Amino acid sequence: MDYFHYLGDRLHCEETGLDRIAEAVGTPFYCYSERTILRHLEAFERAFQEVDHRICYSVKANGNLAVLDTLVRGGAGLDIVSGGELERARRVGCPGDRIVFSGVGKTAVEINAALDHGLLMFNVESLPELHRINTVAGVTGRVAPVALRINPDVDPRTHPHISTGLRRNKFGIPHGQALEVYRLAMGLPHVQVVGLDCHIGSQLTELEPFVDALRRVKGLLGALREAGIPIRYLDLGGGLGIPYGQGEAPPSPEQLARALLAELQGLELAIILEPGRAIVGNAGVLVARVIYSKEGEEKRFVITDAGMNDLLRPSLYSAYHTILPVERHFDREEAVADVVGPICESGDFLARDRLLPVFREGDLLAVRSAGAYGFSMSSNYNTRPRAAEVMVRGEHFAVVRRRETLDQLLENETLFPEKAGVTPT
Ligand code: LLP
């Protein structure tokens, strides 16, 4: 459930018309609904309320500081994967004991920065990483809390680019080696084993893969207990899918909780979840303006001022995003068209062969379900400044990231130094 809806003929975010925002900030822009974000967080909190749990929102889905601040003030923790995301967590005042640090390539600098801030645990993805954490923590005489991320070899039945829990994926420690690596970790002086972690993929629309993965790690939990290895936190990752408008019917957080908790009866563990998309995906839209409407020989093209640099998902994953007119005109016909951006690539599209109301020059349209992996995956390709980001609260809105300027975009570039009379180093 989200708060994007038509009031009269105009598409609103909560009680704010998207046309009013476009007027004030220009296009393209991302628009986030604070109420929707909080509602989704609350759905997870309620679903798991009967057990000790932490909802650690996955920052990579949308790391805007206003989004993070909303969630952290709402009681969420954060799942981070880089020093940059740690800095975001720090800036919104997320307490260390609500942060988990995932990712296959943590550097010594990132590990040290996380230890400085404090964190609930590192989700360790390999043996070399475990040794690196031990060494880095040892330099300052600290002990790093760790969970091992186990690759359960389960097929999440989602897009291959976003499935992570298969043997051939780069993620996690193979299930078969887990016990051995846990034993080894117990012998290291500067790590303390506190958890077990598992994340199998993203945009999962069925419960079975979650349950399969949990059953796989449950066996391991029993073996760890027998070996006297204490596991306090069981992190089941993120991955819950959302409806994009193609008839997907993913389970609700409540259904997910029911299925997982049924498996977890009797285990005295705190559960951690790392949802990203399920919290922010349908809490955001990308609003663009139609620059031209073009009749090709074979196709009709709606050319907008947002392109694949703003929203990469359609190009990268052939992802479907619903497109809505910001102003509805009931007298307009519908026609099949490609909605494309201005980028010089045929792969630059937001929708293909889509039956849509006929758009005219100057019309505004909204690309739905763009709150997750939208802005966070955007780029400056074709020297395009990144879009503005706006947050709505009721009938108020605020720009929470200004549109990039060309000066900002170019400020780190220089000519080769000899041109300025300096010898290159
Ligand atoms: N935890 C870990 C360890 C992850 O790798 C991810 C996502 C999450 C949590 C959050 O997953 P979510 O709840 O958002 O599904 N760019 C792709 C999605 C990549 C997901 C990467 N990892 C897309 O646009 O579909």
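The following exercises with worked solutions concern a predicted model.

Residues are numbered from 1 along each chain as its sequence is written, and side-chain values use heavy atoms, with hydrogens and water left out. Because the model is predicted, local features need pLDDT of at least 70 and side-chain atom pairs count only at pLDDT 80 or more, while totals for chains, interfaces and linings use all residues.

**Exercise 1. Helix α8**

Solution. 
1. Helices (H or I, at least four residues) and strands (E, at least two) are DSSP runs, numbered from the N terminus.
2. Buried means under 20% relative accessible area, exposed over 50%, and partly exposed in between (1.4 Å probe, protein chains only). The buried residues of α8 include Val217, Leu220, Leu221 and Leu224.
3. An α-helix has 3.6 residues a turn, so residues three or four places apart point the same way.
4. Just after α8, Gly228 has a positive phi of about 75°.

**Exercise 2. Leu196**

Determine whether Leu196 is buried or exposed, and which residues it contacts.

Solution. 
1. Leu196 belongs to strand β11.
2. Its relative accessibility is 0%, so Leu196 counts as buried.
3. Contact means heavy atoms within 4.5 Å. Leaving aside neighbours within four places in sequence, the contacts of Leu196 include Ala147, Tyr182, Val217, Leu220, Leu221, Leu224 and Tyr233.
4. Tyr233 is 37 residues from Leu196 along the chain, yet their C-alpha atoms are separated by 6.4 Å.

**Exercise 3. The ligand**

Identify which residues come nearest to the ligand, and find what fraction of its area the protein buries.

Solution. 
1. A residue is near a molecule if one of its heavy atoms lies within 4 Å of it. Of the 18 residues around the ligand, Ser202, Glu274, Arg313, Tyr317 and Tyr373 come nearest.
2. A polar contact is a pair of N or O atoms within 3.5 Å. A polar side-chain atom of Arg313 lies 2.6 Å from a ligand oxygen atom, and one of Tyr317 lies 2.8 Å from a ligand nitrogen atom.
3. Taken alone, the ligand exposes 580 Å² (Shrake-Rupley method, 1.4 Å probe), of which the protein buries 91%.

Methods:
Polar contact = N/O pair within 3.5 Å; in protein donor to acceptor, adjacent residues only side chain to side chain.
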